Amino acid sequence: QLQLVESGGGLVQPGGSLRLSCAASGFTLDYSAIGWFRQAPGKEREGVSCISSDGGTSYADSVKGRFTTSRDNAKNTVYLQMNSLKPEDTAVYYCAVLRVPRGSYYCTFRAARYDYWGQGTQVTVSS
């Protein structure tokens, strides 16, 4: 059974850090691009970051320089390190998988392209 499970969300003060994890089971992430998305109340889901099968990364302008995505294929897990968090980063964060050929450089922020989604994890940035 294909499954993605996010973890690591929580409540943090402005300027703080969190690391989100996205663990996959039932398939290998080697053949995947992984996107991180977020959705705040009353807003549309937006792409935050993407890491391709070959390890290339892309980031939304709003998080560049603060967020870093990485993958550990041995653990079949992808991470989103979030530093210098701001109240406007508050949202439910989702990881999503797009199946691609191994070693592909392809990545996208188009949510409709993704094949599988995790259940989401809440991140709240507040003092």
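## A loop residue and its surroundings

Ser52 is located in the loop between strand S5 (46-51) and strand S6 (57-59); strands here are DSSP runs of type E with at least two residues, helices are runs of type H or I with at least four residues, and both are numbered from the N terminus. The model is predicted, and local features need pLDDT of at least 70, side-chain atom pairs count only at pLDDT 80 or more, while totals for chains, interfaces and linings use all residues. Residues are numbered from 1 along each chain as its sequence is written, and side-chain values use heavy atoms, with hydrogens and water left out.

Ser52 is buried, because its relative accessible area is 1%. Buried means under 20% relative accessible area, exposed means over 50%, and partly exposed lies in between, with a 1.4 Å probe and protein chains only. Not counting residues up to four places away in sequence, Ser52 touches Ser32, Ala33, Arg71, Ser104, Tyr105, Tyr106 and Cys107; a contact means heavy atoms within 4.5 Å.

Is Tyr105 buried or exposed? Tyr105 is exposed, because its relative accessible area is 69%. Apart from residues up to four places away in sequence, Tyr105 touches Ser52 and Asp54. Tyr105 and Trp117 are 12 residues apart along the chain, and their C-alpha atoms are separated by 20 Å.

## The chain as a whole

The protein chain has 0 helices and 11 strands. Of its 127 residues, 46% count as buried. The accessible surface of the protein chain comes to about 6300 Å², and 46% of that surface belongs to carbon and sulfur atoms; these areas come from the Shrake-Rupley method with a 1.4 Å probe, and for residues only the protein chains shown count as cover.

The radius of gyration of the protein chain is 14 Å, which agrees with the value near 14 Å for a compact globule of 127 residues. This radius is taken over C-alpha atoms, and the globule rule is 2.2 Å times the number of residues to the power 0.38. Along its principal axes, the C-alpha trace spans about 45 × 30 × 25 Å. Among the contacts in the protein chain with a separation of 6 or more, 62% are accounted for by residues 24 or more positions apart.

## Strand S4 and its partners

In strand S4 (residues 32-39), 7 of the 8 residues are buried, so S4 is largely enclosed by the rest of the structure. S4 pairs with S9 in the antiparallel sense over 8 bridges; two strands pair if DSSP finds at least two bridges between them. Within this pairing, Leu98 in S9 is the bridge partner of Ala33.

S4 is also joined to S5 by 5 bridges, and these strands run antiparallel. Gly35 stands opposite Cys50 in S5. The hairpin of S4 and S5 has 6 residues between the strands, and Gly42 takes a positive phi near 80° there.

Which strand pairs with S11 in the parallel sense? Strand S2 (residues 10-12) does, over 3 bridges, and Leu11 stands opposite Thr124 in S11. Strand S9 (residues 91-99) is joined to S11 by 3 bridges and runs antiparallel to it. Here Thr121 in S11 is the bridge partner of Tyr93.

Asp72 belongs to strand S7 (residues 67-72). Asp72 is partly exposed, with a relative accessible area of 24%. Leaving aside its neighbours within four places in sequence, Asp72 is in contact with Thr77 and Tyr79.

Most residues other than glycine have a negative phi. Asn76, although not a glycine, has a positive phi of about 55°. Asn76 lies in the loop between S7 and strand S8 (77-82) and counts as buried at 13% relative accessibility. Ser84 is likewise not a glycine and has a positive phi of about 50°. Ser84 is placed in the loop between S8 and S9, and counts as partly exposed at 41% relative accessibility.
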